Amino acid sequence: MDLSQLLEPIAEQFRRLGIPEPITHWGHPLMMAIVVFVMGSFVGLAGWRGRAVTDPETASKSRSDHRKLAPWMFLFLALGYTGGVLSLVMQHQPVLESPHFWTGSTVLALLAINGVISLSGFGGNKAVLRTAHAYLGSTALCLLFLHAILGLKLGLAI
């Protein structure tokens, strides 16, 4: 049984709700664009500002903002990922064949690893783990921008 078949009963329940096709088709991209471009940019910039600025008060506020919002961003991305997969199933589209699916999966994995690094206290505040966290998060954000382009291409093709 493939993923689409596994999720079909759930997708059928959502189809029965009579959600208008434009919402099923473009709801995920619209909501995720807000999370990626607004929240993602803010979280990434706050993280880097916390590392780069020399003023201790500004750096502390930036790190605090990053620490507060990054988990919410991850949650919204994970929920959006779920909604995007379900949207594809609702539209009778293959899930695992899409580069958009794979970039989304990779982003969630990278951010989960980053969360573990952070929750570990950066391994006792090790500089190498703080640096890895910064670059891993930046890689995930860059991949999210590619993910958005692939998603737009997918949305226009359906």
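**Core.** I looked up the largest nonpolar core in this predicted model. It has 15 residues, and those touching the most other members are Val 35, Met 39, Met 73, Leu 77, Val 107, Leu 111 and Leu 144. I took a nonpolar core as a set of buried Ala, Val, Leu, Ile, Met, Phe, Trp, Tyr and Cys residues joined through side-chain atoms within 4.5 Å. Buried means under 20% relative accessible area, exposed over 50%, and partly exposed in between, with a 1.4 Å probe and protein chains only. At least two residues of this core come from each of α2, α3, α4 (99-119) and α6 (127-157). The largest share, five residues, is supplied by α2. Helices (H or I, at least four residues) are DSSP runs numbered from the N terminus.

Residues are numbered from 1 along each chain as its sequence is written, and side-chain values use heavy atoms, with hydrogens and water left out.

**Helix pair α2 and α3.** I checked how α2 packs on helix α3 (residues 56-90): the angle is about 160° and the axes are 8 Å apart. The axes are lines fitted to C-alpha atoms over the stretch in contact, and angles run from 0 to 180 degrees between N-to-C directions. The angle makes α2 roughly antiparallel to α3; the cut-offs are under 35 degrees for roughly parallel, over 145 for roughly antiparallel, 65 to 115 for roughly perpendicular, and oblique for the rest. The α2 and α3 crossing is left-handed, that is, the near helix is turned anticlockwise from the far one by less than a right angle. By class, this contact of α2 with α3 holds 16 nonpolar, 12 polar and three charged residues. Ala, Val, Leu, Ile, Met, Phe, Trp, Tyr, Cys and Pro count as nonpolar, Asp, Glu, Lys and Arg as charged, and the others, Gly among them, as polar.

**Helix pair α4 and α6.** I then looked up α4 and α6, whose axes come within 9 Å and cross at roughly 160°. These two helices are therefore roughly antiparallel to each other. The crossing of α4 past α6 is left-handed. In the contact of α4 with α6 I found 15 nonpolar, 11 polar and no charged residues.

**Salt bridges.** I searched the whole structure and found four salt bridges, each a side-chain nitrogen of Lys or Arg within 4 Å of a carboxyl oxygen of Asp or Glu. Arg 15 and Glu 12 form one of them, at 2.8 Å, N to O. Both residues lie in helix α1, three residues apart, about one turn of the helix. Arg 15 is partly exposed at 23% relative accessible area, and Glu 12 is partly exposed at 28%. Glu 12 also bridges to Arg 16, with the closest N and O atoms 3.7 Å apart; Arg 16 is exposed at 60%. In helix α3, Asp 65 and Lys 61 are four residues apart, about one helical turn, and their side chains meet in a salt bridge of 3.0 Å, N to O. Asp 65 is buried, at 16% relative accessible area. Salt bridges with shared partners join Glu 8, Glu 12, Arg 15 and Arg 16 into one network.

**Loop.** I ended at Gly 18, in the loop between α1 (3-15) and α2 (21-52). Gly 18 is exposed, at 52% relative accessibility.

Conventions. This is a predicted model: local features need pLDDT of at least 70, side-chain atom pairs count only at pLDDT 80 or more; totals for chains, interfaces and linings use all residues.
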